Amino acid sequence: YASLAPSSHNTQPWRVKIISDSELIIQSDSTRWLPKVDPDNRELLLSIGAFWKNLVLSCLAFRLDAQTEILATSPKDIDILKVKLVRCPPLKDNSLELMEMRVTNRKPYENRDLNPLHIEELKKLLPHHLTYFPRESEEGKWIAKSTIEASKKQAFDDEKQKELSEWLRFSRSEVKKRKDGLTPEMLGMSGMAKFFWYTFMSRKSALSESFRNKGVENIKNQANNCAGFLVITSDDVSVSSLLHAGREFESLALKCTELRIAVHPISQLIEELPWTEQIGESLGLKKPVQFILRVGYSKFQPKPSVRRPIEEFTAIR
C-alpha cells in the first residue's frame, strides 16, 4: 500500500530495509534520482513523504502503529526514516480503498469551479499550508500562463528532455518488465493515440522538436481546462519539512479521491527559473511552495499507474 504513493516520473525512488519483524528503514534509491530536473532531491523527499503517509495509514488498518524517526539530515542521504511497528487497535476507515483508487489524472477537466464545501473540507486537512486559486482568478491565470512558459523552457532543455525520455515507456514489453515510469495510459492517451505511441514512438522520438511541441501543447490544454489550482506550502525547505509536505500532499490526494476531485501535480513552475523565484510574490504566499496541483471534476477516471513488485524494493538486512 505504501508503494502506491505517487512519485515524479513514477520513478518509485524508495527502498525498504527490513531490520527485524518490527523495524524498517525507509531509504532513498539513488539509481532512481532525477539529477537534471530535481538536482536537490526536493521532489524525491516529497515522494518518500507520500510513501510514509500511506505506510502509516495502512499499518493502522493492520493493527500496527508505525512509530517513525527521521534519520536524514541532507537531501542526498540514503537512510531517510526508521520505522518501529507496535501493535495497536485497528483503524477502520476507507484509507486502503482510497490508496488503490488514487490516480494522477492528466485529462482535460470540466471548467466549473470546485464546490465550496469541498474546498472547505480540503482546507481543514492542511489549515496552514493549503491555498486554492480558481482558474479565472488573477493568481490562477498567472499559474496557467507561467506553467505553459516553464514547460516550454523545460521541454527544450536537452538534458532534462533526455532524462524524461529514460522514464517514458514506449512498448508494452517494457511496461511489463520495468513496472515504473510513464506509460501512454498515465499520460492520458487512449485509442489511436495510444496505438500510435506503442507502435511508432521510441526514446529517440522524445528528443524530436515535434514531440516536445506536442508536450507543451498538452500542458497548455491541461492548464486551461480545470477548476483551479491547489497550492501546498511548507514551513521551510529542510528535509523534515519536505517529508511532511509529502505526507500532507498524500492526505489531500486521498481526500480528493474520496470527493471525486481529479488531481494533477504540475511541477515545471517550481523547477524552472525565473518562475520558481516569482511564485511567492505572484501568489501572495510567504512560505515555500512545494506542490501546485491542477484540480477539477472529470468524467474520465484513468487506471492506477504501474507499480514494481514488493520484492524489487525490499531487502532483509
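**Exercise 1. Find which residues are linked with D29 and R32 in a network of salt bridges in this predicted model.**

*Solution.* 
Step 1. Start with the D29–R32 pair. Their side chains form a salt bridge, N to O at 3.6 Å.
Step 2. D29 and R32 belong to a salt-bridge network with R169, E174, R178, D180 and R203.
Step 3. The structure holds 20 salt bridges.

**Exercise 2. Decide whether D29 and R32 are buried or exposed.**

*Solution.* 
Step 1. Recall the cut-off: buried means under 20% relative accessible area.
Step 2. Take D29. Its relative accessible area is 7%, so D29 is buried.
Step 3. Take R32. Its relative accessibility is 11%, so R32 counts as buried.

**Exercise 3. Determine which parts of the chain the E121–K255 salt bridge ties together.**

*Solution.* 
Step 1. Check the contact. The side chains of E121 and K255 meet in a salt bridge at 3.7 Å, N to O.
Step 2. Place the residues. E121 sits in helix α3 (residues 116-125), and K255 sits in helix α9 (residues 239-258).
Step 3. Conclude. The pair therefore ties together parts that lie 134 residues apart in sequence.
Step 4. E121 has 34% relative accessibility and counts as partly exposed.

**Exercise 4. Locate D235 and K287, and state how they are linked.**

*Solution.* 
Step 1. Take the distance. D235 and K287 form a salt bridge, with the closest N and O atoms 3.4 Å apart.
Step 2. K287 is partly exposed, at 33% relative accessible area.

**Exercise 5. Work out which strands stand at the edges of the five-stranded open sheet.**

*Solution.* 
Step 1. Write the order: β3-β4-β2-β1-β9, with mixed pairing.
Step 2. Read off the ends. β3 (64-70) and β9 (314-316) each have a single partner strand, so one side of each is left without a neighbour in the sheet.
Step 3. Neighbouring strands are turned by 25° against each other on average, direction ignored.
Step 4. Inspect the β9 end. β1 (residues 14-20) pairs with β9 in the parallel sense over three bridges. V16 stands opposite T314 in β9.

**Exercise 6. Identify which strands helix α1 lies across.**

*Solution.* 
Step 1. Define the helix: α1 spans residues 42-61.
Step 2. List the strands. Helix α1 lies across β1, β2 (23-28), β3 and β4 (79-87).
Step 3. Helix α1 runs at about 155° to β3.

Terms used. Residues numbered from 1 in each chain as written. Predicted model: local features only at pLDDT ≥ 70, side-chain atom pairs only at ≥ 80, totals over all residues. Heavy atoms only, no water. Pairing = 2+ DSSP bridges. Helix = DSSP H or I, 4+ residues; strand = E, 2+ residues; numbered from the N terminus. Axes fitted to C-alpha atoms, helices over the stretch in contact; angles between N-to-C directions. Contact = heavy atoms within 4.5 Å. Salt bridge = Lys/Arg side-chain N within 4 Å of Asp/Glu carboxyl O. Buried < 20%, exposed > 50% of the residue type's maximum accessible area, 1.4 Å probe, protein only.
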